[in-house]
Structures are given as C-alpha cells and as structure tokens.
Amino acid sequence: MNDLNIIGIGMGPRDITLFHMELIKACDLLIGGPRQLALFADLSKETYTITADIPALVHKIQTDLPTRKIVVLASGDPLFYGIGSTLSRYFPNEWIRIHPNVSAFSAAFAKIGLPWHDAKVISLHSAQPEHLNVSSIFNEEKLFFLTSPRMGPAYIADQLKKSGKSNFRLCVLENMGDVKNEKISWFSDCDCVIETNFADPNVVILTQPKRHAPLSPTRPVVSHETFLGMPEDAFRHCDGLITKSEVRVLSLSKLKLVRTDHVVWDIGAGSGSVGIEAAMMLPDGKVCAFEKFPDRIQDIAHNIKAFNLTNLFVHETVFPKNINQLTPPDRIFIGGGGRGLKQVIFSAVEVLLPGGVIVINTVLIENMTTAMKSLSDLGISPELTHAQISRSCSIANGTRLSPLNPVWIISGMKPLKR
C-alpha cells in the first residue's frame, strides 16, 4: 500500500520545498482544486479535480492507492480547514502523510503585521446563514474569517451592522499569494464593505478595541453552570421528552468524542440535550440535530440560544430526507426512531464515515432487539449497556430511591475500509 501524500502549497509555488516538489514529480496521480492543478500543468500529470462530491474522491483514492502514487494538493496548510482535515476522517492515520505549509491564517496576519495567537477562527465554508449566530462572537477582540462565495465580507459586514457594532476595523485580503492580483483593504464602515465587490478567494480579519468588563451579561443567562450531565431543568423540554442526565453522560461516553472537530448527528433530538452537551465538547466541530415535530424544534432553538451555541444546527425533517446535502458524520446518536428505527439505522450507518461510532438509546425491548440485529446485519459488532437509574427522594421518615425508566444503550463502530 502506498502512502497518501497530502501537500500544502502555502500561498503559492514559491512556498513549496524541493522535497515536496520531488513527491509531486514522482506521483502517478495528482489531485487538487482547479487553481492548485493549474500551477503544475507543465508536468503533464494525470489529474483528478476535487469537487463537492467527496465520496467520489474517496472512492477514487481507495481504488488507485494500492497500485499508484497519489499526491493531493492543498491550499495553505492541509489540516487548517483543508482537504487534509476531510480525508483524515475517511482514511486511517497510518495511510496518510501530511506535509504542512503556511496557512491562510498565519499568512494573513503576517501580511498586516499583527500577532495571531489570540485570534478566534471562524470558518464560513460549510456554515448555513440561517443558523450561524455570528453576532454572538463579535465580542471577541480579534477574529479571522475563512469566507465563502455565499458568506463573504458583505455578509460579515451586514451581521456587524445588525449587531450595532461601530468601533472596529475590518481587513479584507484578496488573492493572497498571487503577486499580481493580491490586495489588502481596510474598512471601518459596514456599508462601504457591503457595497464593494471583492475577488475570490478572500479572507477577513476583524479587530476591535480591548473590552472592559460588561455591565450586563453578553450571553443569555442560564440557571445552571454548564457541565457534563446537566439536570433536566437546565433545558426547555415538553412531556418529559429529554434524555435524563445520568443516561446522557453514559451515551456521550459511548460516542467517544476524542477530537474537538467531530461531526455529530443527533437523530430524534427531542429537546436537543445530548446534541447541546456534545456541541460544548466540540469547539472545532459541529452537531446536526434532526427533529420532525415543530414544538420540539422550538425547544431545541430555545436551548441553543440559552447556551449561546454557534455549532449546533437544527434540521426540521423526517430522517433521512435530504441528508446527502450535509457533511457526513463520524459520530451518530439516535435518541428516537419509533416504528421506523430499522430504516433510520440503515440510513444512518450508510452515511457514517468508516471508523465512526453510532449510539442508539431505547426504552423498548423490541427496539433494542431491532437495533442489535440491524447493526450486526450491517457488519457492526454491537455493544449493549442496560442502564437502570434510581434517584433519591424524601419521604415522611427519611429517603427512598425512585427508579427512572430503564434504558438500553446500543453502540458500535463502523469498520474501516482497506
């Protein structure tokens, strides 16, 4: 098996080392975006262009890697919101060789002469405008935005305007690395940014004066401190439809959130309590909550606002409708499935990344049996945990234990492909 070499080209060919150039010259297949491939057109290599169809890219690499040397080109640093981060979720670490270079993040701050260790990074590449609460992060003193054609400088300026911000400086850096077309522009007026056309690609740096302690909270007040296994009354929910705190802790442990950039799907989210606590553990990742009932959607939206989360997105839909348009998950939690649980499991496992983890909670013995068999049929070795929780409660002469409904927790890992 050959190594999969993923090479960051920095801000352009001038940043490529001789070693990296030798790897590129020796490869049988060169993969990259149109701009990256154009830089090496004179090598007359067989190429494959990266598009939004990531599964097709993964299939191509899986098919060719055993017999061919493959190099994947990345802008900047492959692991800084780049193709390296994406492919590392599909292939084992031992298959991949990452060759880092100057990232857009460090290059942008170097060009304007500002330190970047205290900056917060926001990627707008896969964000959805209707869900991204940009205003909640505008209290940061220094922000770096990886923009997209849909959510660029004008979008950021519009959000600034809606937030009532006025004391700021906004820098747009266009075509970084392109000596002839590179441009750096500073603004302190939102309307001016909105009315200006900027070339793609571009990034945005936003700076604000150092803040003093606010007189009133800058985020909604929560009646409890945030921690793993928060009590049910920390969330708005209806008819007791919430994963109890002790079961929530067990379920999150079974999800094995070992990285900060996991993509988690919470199917049958109810109040969203599991997804919310997962989102708090994933500052670089995101959670997609699927729920079909409007009243529960309202509960989730309320809880997202209450905990001031920007990485949890709600999808009001009957799963698995339209899931192919979303980033594939590497962790899935199913807290509801009803009579259609088998189909939900099959659809979920189909999009779950190799090596990903699925966790299913159910209180019905029939659904436990369905979950165990479905995972086994799909090549996943299921693990079963039976949680019987009792809580203390006071009675006239002392304290007794009051049992909660027992819960079956079924979990397993999707096998890696090789």
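Trainee: Where is Ile323 placed in this predicted model?

Mentor: Ile323 sits in the loop between β13 (312-316) and β14.

Trainee: Why is Ile323 called buried?

Mentor: Its relative accessibility is 7%. Buried means under 20%, so Ile323 counts as buried.

Trainee: What is Ile323 in contact with, leaving aside its neighbours within four places in sequence?

Mentor: The partners of Ile323 are Trp265, Phe290, Ser347 and Val351. Take Val351. Ile323 and Val351 are 28 residues apart in sequence, yet 8.5 Å apart in space, C-alpha to C-alpha.

Trainee: Which residues of α11 are buried?

Mentor: They are Leu341, Val344, Ile345, Ser347, Ala348, Val349 and Val351. Their cover includes β11 (263-267), β14 (331-334), β15 (357-362) and α12.

Trainee: How do α11 and α12 pack?

Mentor: Helix α11 (residues 341-351) and helix α12 (residues 365-377) have axes 9 Å apart, at an angle of about 35°. Their crossing is right-handed. On the α11 side, the contact uses Leu341, Lys342, Ile345, Phe346 and Val349. On the α12 side, it uses Asn367, Thr370, Ala371, Ser374, Leu375 and Asp377.

Trainee: What makes up that contact of α11 with α12, by class?

Mentor: Six residues are nonpolar, three are polar and two are charged.

Trainee: Back to the loop between β13 and β14. What is the peptide bond from Phe319 to Pro320?

Mentor: That bond is cis, with omega near 15°. Pro320 lies in this loop.

Trainee: Which residues does another cis peptide bond join?

Mentor: Asp200 and Pro201, with omega about 0°. Pro201 is in the loop between α7 (190-194) and β10.

Trainee: Now the rings. How many aromatic pairs are there?

Mentor: The count comes to 13 aromatic pairs. One of them is formed by Phe91 and Trp95.

Trainee: Why is the pair of Phe91 and Trp95 called tilted?

Mentor: The centres are 5.9 Å apart, and a pair needs them within 6.5 Å. The planes are at 35°. Stacked needs under 30 degrees, and edge-to-face needs over 60.

Trainee: How do you know whether Phe91 and Trp95 are buried or exposed?

Mentor: Phe91 has a relative accessible area of 4%. Trp95 has 6%. The cut-off for buried is under 20%, so Phe91 and Trp95 are buried.

Trainee: What makes the pair of Phe105 and Phe144 edge-to-face?

Mentor: The planes of Phe105 and Phe144 are at 70°. Edge-to-face needs over 60 degrees. The centres are 5.1 Å apart, so the rings also meet the limit of 6.5 Å.

Trainee: What does the pair of Phe105 and Phe144 tie together?

Mentor: Phe105 belongs to helix α5 (residues 104-112) and Phe144 to strand β7 (residues 142-146), so parts 39 residues apart in sequence are tied together. Phe105 is buried at 8% relative accessibility. Phe144 is buried at 0%.

Trainee: Which cluster do ring pairs build with Phe105 and Phe144?

Mentor: The cluster links Phe80, Tyr81, Phe105, Phe109, Trp116 and Phe144.

Trainee: Which residues of α5 are buried?

Mentor: Ala104, Phe105, Ala107, Ala108, Phe109 and Ile112. They pack against β6 (120-123), β7, β8 (169-174), β9 (183-187) and β10 (202-207). Just after α5, Gly113 takes a positive phi of about 70°.

Trainee: How do you know that Arg169 lies over the face of Trp186?

Mentor: Arg169 is 4.1 Å from the ring centre. The distance limit is 6 Å, and the charge must also be within 35 degrees of the ring normal. Arg169 counts as lying over the face of Trp186.

Trainee: Why is Pro149 called exposed?

Mentor: Pro149 has 74% relative accessibility. Exposed means over 50%, so Pro149 counts as exposed. Pro149 lies in the loop between β7 and α6 (153-162).

Key
Residues are numbered from 1 along each chain as its sequence is written. This is a predicted model: local features need pLDDT of at least 70, side-chain atom pairs count only at pLDDT 80 or more; totals for chains, interfaces and linings use all residues. Side-chain values use heavy atoms; hydrogens and water are left out. Rings of Phe, Tyr and Trp (its six-membered ring) pair if their centres lie within 6.5 Å; planes under 30 degrees apart count as stacked, over 60 as edge-to-face and the rest as tilted. Buried means under 20% relative accessible area, exposed over 50%, partly exposed in between (1.4 Å probe, protein chains only). Helices (H or I, at least four residues) and strands (E, at least two) are DSSP runs, numbered from the N terminus. Axes are lines fitted to C-alpha atoms, for helices over the stretch in contact, and angles run from 0 to 180 degrees between N-to-C directions. A crossing is left-handed if the near helix is turned anticlockwise from the far one by less than a right angle, and right-handed if clockwise. Contact means heavy atoms within 4.5 Å. Ala, Val, Leu, Ile, Met, Phe, Trp, Tyr, Cys and Pro count as nonpolar, Asp, Glu, Lys and Arg as charged, and the others, Gly among them, as polar.
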